[in-house]
Amino acid sequence: MNTRAEQLKAFDRLLTIMDELREQCPWDKKQTMETLRHLTIEETYELGDAILDNDLEEVKKELGDVLLHIVFYSKIGSETQDFDIADVCNCICEKLISRHPHIYSDVKVENEDDVKRNWENLKLKEGKKSVLEGVPRSLPALVKANRIQEKVAGVGFDWEQPNQVWEKVEEELNEFKAEVKKGDVNAIESEFGDVLFSMVNYARFLNINPENALERTNKKFSKRFQYLEGKAKNLNKPLKDMTLAEMDVFWEEAKQL
């Protein structure tokens with residue numbers, strides 16, 4: 001691994017390249033925070049894919065892309081005299097020191113849960129009106145549900161045992177089934193949302209990240225379906241002309257891969 005001096009030298013190199021690109025490259029010169037925003041989101045999802053795939057070489061590359069965006073935003077901020085990369089670094093440093101009094105002060109904690117509770121309580125003392133203010137509005141719904149539940153659990157609003165949460169899941173499933181029988185689409189959708197929310201909560205009690213779990217299933221399904229498509233192509237038979245029984249043979253093969 002690189003020494004701290006080598007790490008700082010590499011970061012300085014990136015800052016220098018960013019300065020040069022901003023001054024000399026027609027594309028880089030035109031960018032604003034708004035034009036970069038969707039690209040940053042895309043890069044973050046690509047990083048997430050690499051992490052789930054456990055592709056560390058790709059993780060390294062995607063981290064570089066995300067770091068570039070942080071440096072890019074900071075460069076734009078410096079041009080308007082609002083902030084620069086040093087301000088960004090110092091801001092997060094001060095925040096980390098403030099939020100970890102068990103490291104940088106005399107507060108005592110027993111475990112990870114104590115740390116989480118302290119974190120949320122400190123945020124309220126800093127002026128936030130609600131622990132939920134820290135949940136971005138634009139988060140995907142599944143991720144947002146998980147973060148909401150983590151936040152409220154951090155201040156003690158939580159179930160005590162996993163079995164209590166599972167009982168809630170069963171309760172919501174029964175309510176969902178009842179609405180399905182009635183056929184009211186709006187009510188069905190509402191109850192389905194409650195089922196998902198309760199399942200996300202149960203996943204948290206099992207130390208499962210629901211977003212990761214669902215994405216792994218997405219990848220698994222896609223891989224198997226692409227295997228099925230490949231077999232159909234080898235037979236020169238369109239999928240729409242195959243029976244479900246024929247498809248199922250290849251699907252079972254894909255499951256063994």
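User: Is Val131 buried or exposed?

Analyst: Burial is read from relative accessible area, where buried means under 20%, exposed over 50% and partly exposed in between, with a 1.4 Å probe and protein chains only. Val131 has a relative accessible area of 13%, and therefore counts as buried, although its place is in the loop between α7 (112-125) and α8 (141-153). This is a predicted model, in which local features need pLDDT of at least 70 and side-chain atom pairs count only at pLDDT 80 or more, while totals for chains, interfaces and linings use all residues. Residues are numbered from 1 along each chain as its sequence is written, and side-chain values use heavy atoms, with hydrogens and water left out.

User: Which residues is Val131 in contact with?

Analyst: Contact means heavy atoms within 4.5 Å. Leaving aside neighbours within four places in sequence, Val131 is in contact with Glu120, Leu124, Lys151 and Val155. For Glu120, which is 11 residues apart from Val131 along the chain, the separation of the C-alpha atoms is 6.5 Å.

User: How should I read the length of helix α4, and what covers its buried residues?

Analyst: Helices are DSSP runs (H or I, at least four residues; strands are E, at least two), numbered from the N terminus, and the expected span of a helix is 1.5 Å times one less than its number of residues. Helix α4 (residues 56-79) has 24 residues and should span 34 Å, and its end C-alpha atoms are 35 Å apart, which agrees. The buried residues of α4 include Val59, Glu62, Val66 and His69, and what covers the buried residues of α4 includes α1 (4-24), α2 (26-30), α3 (33-52) and α5. After α4 comes Gln81, whose phi is positive, near 65°.

User: How many disulfides does a search of the whole structure find?

Analyst: A disulfide is a pair of cysteine sulfur atoms within 2.5 Å, and a search of the whole structure finds 0. Cys89 is in no disulfide, since the nearest cysteine sulfur, that of Cys93, is 6.5 Å away. Cys89 counts as partly exposed because its relative accessibility is 35%, and Cys25, at 22%, also counts as partly exposed.
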